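Subject: Structure handover

Hello,

Here is the structure I promised. Please open it first, then read my notes below.

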Amino acid sequence: MQEQTKMIELQSVNKWYGPSFQVLKNCSLTVGKGEVVVICGPSGSGKSTLIKCVNALEPIGNGRITVTGVEVSDPKTDMPKLRSKVGMVFQHFELFPHMTILENLCVGQEKVLGRSPKEALVKANALLERVGLTDHAKKYPSQLSGGQQQRVAIARALAMDPVAMLFDEPTSALDPEMINEVLDVMVALAHEGMTMMVVTHEMGFARKVADRIVFMDGGEIVEIGGGDSFFDNPQTERAKSFLSKILAH
Amino acid sequence: MKGWNWEGFFEYLTNYYLLEGALITLGLTVFAMTAGLFIGFFVAMMRMSRYKILSAPANFYIWIFRGTPLLVQLIIIYTGLPQIGIKFTVIQSTLLGLALCEAAYLAEIIRAGISAVPTGQVNAARAIGMRESQVMRYVVAPQALRIIIPPLGNSVNSVLKTTSIASIISMEELLRRTQVLIQEKFLVLELFTVAALYYLAMTTAWELIQRRIEKRFGKAYGPMSVDAH
Ligand SMILES: Nc1ncnc2c1ncn2[C@@H]1O[C@H](COP(=O)(O)OP(=O)(O)OP(=O)(O)O)[C@@H](O)[C@H]1O
Ligand SMILES: [Mg+2]
């Protein structure tokens with residue numbers, strides 16, 4: 001792999017929940033600018049935890065995480081500022097239910113980035129058009145389908161002009177017929193050169209856009225492989241058995 | 001046996017002095033709720049803090065004020081404290097006692113409301129870069145407010161009646177003024193019935209208001225949630 005600008009770097013990250021349960025074990029990973037990394041692994045393997053550590057929604061035990069060279073775990077780091085540069089999309093969308101779709105897209109721009117309401121609105125409308133939801137601007141999240149809500153959630157993250165995007169199983173709470181509308185937005189984003197860390201079991205998506213696949217099991221990064229090579233030729237027994245299970249469905 | 005005096009009853013029912021007493025009761029209620037919400041919010045925030053130095057005093061405060069009768073609190077404030085040189089007037093003691101006591105109850109209601117907002121919402125707000133105060137202001141508080149509207153409404157009803165306890169330290173609210181008027185003609189039953197009707201009128205009016213508020217905020221966010229298409 002050629003030397004790229006590092007965007008996200010994890011160095012020997014360890015994390016515990018409580019005194020004895022180690023959820024992340026010596027995880028190291030570098031994500032270059034414009035790279036798309038898919039993280040997969042069995043339930044409970046620590047994927048969500050790993051991705052939450054990147055923008056410090058979860059604190060780490062020891063090790064080092066940097067985003068655009070800024071150390072996440074440094075107490076002197078302005079975390080809110082760093083987080084505003086890293087978009088995050090959640091399994092259950094987490095749109096703000098008391099705000100309209102437009103307000104969801106504007107609140108961060110105005111309150112965090114200090115954009116004027118006018119500026120924010122222009123950006124919000126452009127993003128809604130991009131995810132194909134212009135007609136729903138004035139609605140509340142509860143009035144949209146899951147797939148629509150998740151597209152809004154992606155737009156909300158993009159409204160902050162992030163340098164990287166984190167996705168935690170963005171399609172696993174969706175009805176099957178809605179998965180593609182969300183994946184399409186993500187594929188387009190990947191093709192535009194967005195740096196992405198995506199926890200997903202959507203193997204079609206992974207094959208199409210992932211530069212690398214990270215396989216986690218029991219809190220460890222067990223295997224890192226290139227997009228196709230991981231699926232066609234997994235190196236470890238654990239990855240093989242995991243793949244045989246998910247591909248069986 | 002004197003029997004029931006209708007004339008006296010109607011006279012007191014429209015008595016200006018009593019009506020004013022009812023207004024004072026109303027004023028005490030508004031004050032207790034407003035000050036209680038304000039203090040209660042800070043107590044709730046302290047209580048939820050992960051720092052013991054903040055949560056311990058809050059716990060202690062709630063324990064004391066919810067664990068002792070308001071009657072005893074008022075007597076201590078008005079009659080007891082002067083003994084150690086702290087003097088409050090009747091009105092000051094009443095306002096202080098009501099606010100402090102109500103704050104303890106409201107703190108628990110507020111805390112429950114805030115805790116009921118899902119962590120995912122907090123994470124989402126943090127993830128777009130909001131500072132903790134912004135997370136509270138723009139995301140958690142508006143959602144918690146909806147959750148606490150019903151218990152808050154019940155508190156208003158309860159405080160309306162509880163203010164009568166202040167009569168014990170001669171605070172001239174509705175009940176105290178009723179007792180004062182009894183000295184005129186000793187129409188005990190008639191006067192207390194009038195007082196009861198005044199309380200009933202106030203709690204009933206509030207119930208109607210509360211019902212409207214809950215109707216407005218009780219449903220899903222936004223105009224009636226329509227099935228997505
Ligand atoms: N806040 C927490 N406190 C204690 N343990 C936790 C906490 N969050 C997660 N865990 C545990 O840590 C482990 C890893 O959780 P995590 O959510 O990161 O897994 P995951 O790989 O995302 O799983 P899934 O595919 O089910 O989402 C699990 O065993 C989980 O029970
Ligand atoms: Mg997970």
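How far from an oxygen atom of ligand 1 does a backbone N or O atom of A:S45 lie? The distance is 3.2 Å. A backbone N or O atom of A:G46 lies 2.9 Å from an oxygen atom of ligand 1. A:E169 uses a polar side-chain atom, 3.2 Å from an oxygen atom of the ligand.

Some ground rules. This is a predicted model: local features need pLDDT of at least 70, side-chain atom pairs count only at pLDDT 80 or more, and totals for chains, interfaces and linings use all residues. Residues are numbered from 1 along each chain as its sequence is written, chains are lettered from A and ligands numbered from 1 in the order in which they are written, and side-chain values use heavy atoms, with hydrogens and water left out.

Back to ligand 1. The residues around it (a heavy atom within 4 Å) include A:Y17, A:F21, A:P42 and A:K47. α1(A) gives the most to this shell, with three residues.

Now the two chains. The contact (heavy atoms within 4.5 Å) takes 31 residues from chain A and 24 residues from chain B. There is one salt bridge between them (a side-chain nitrogen of Lys or Arg within 4 Å of a carboxyl oxygen of Asp or Glu). A:D78 and B:R131 form this salt bridge, with their closest N and O atoms 3.1 Å apart. On chain B, α6 (119-127) and α7 (132-162) each supply at least two residues of the side that touches chain A. α6(B) gives the most, with seven residues.

Best wishes

Technical notes. Helices (H or I, at least four residues) and strands (E, at least two) are DSSP runs, numbered from the N terminus. A polar contact is a pair of N or O atoms within 3.5 Å; within protein, one must be able to donate a hydrogen and the other to accept it, and residues adjacent in sequence count only if both atoms are side-chain atoms.
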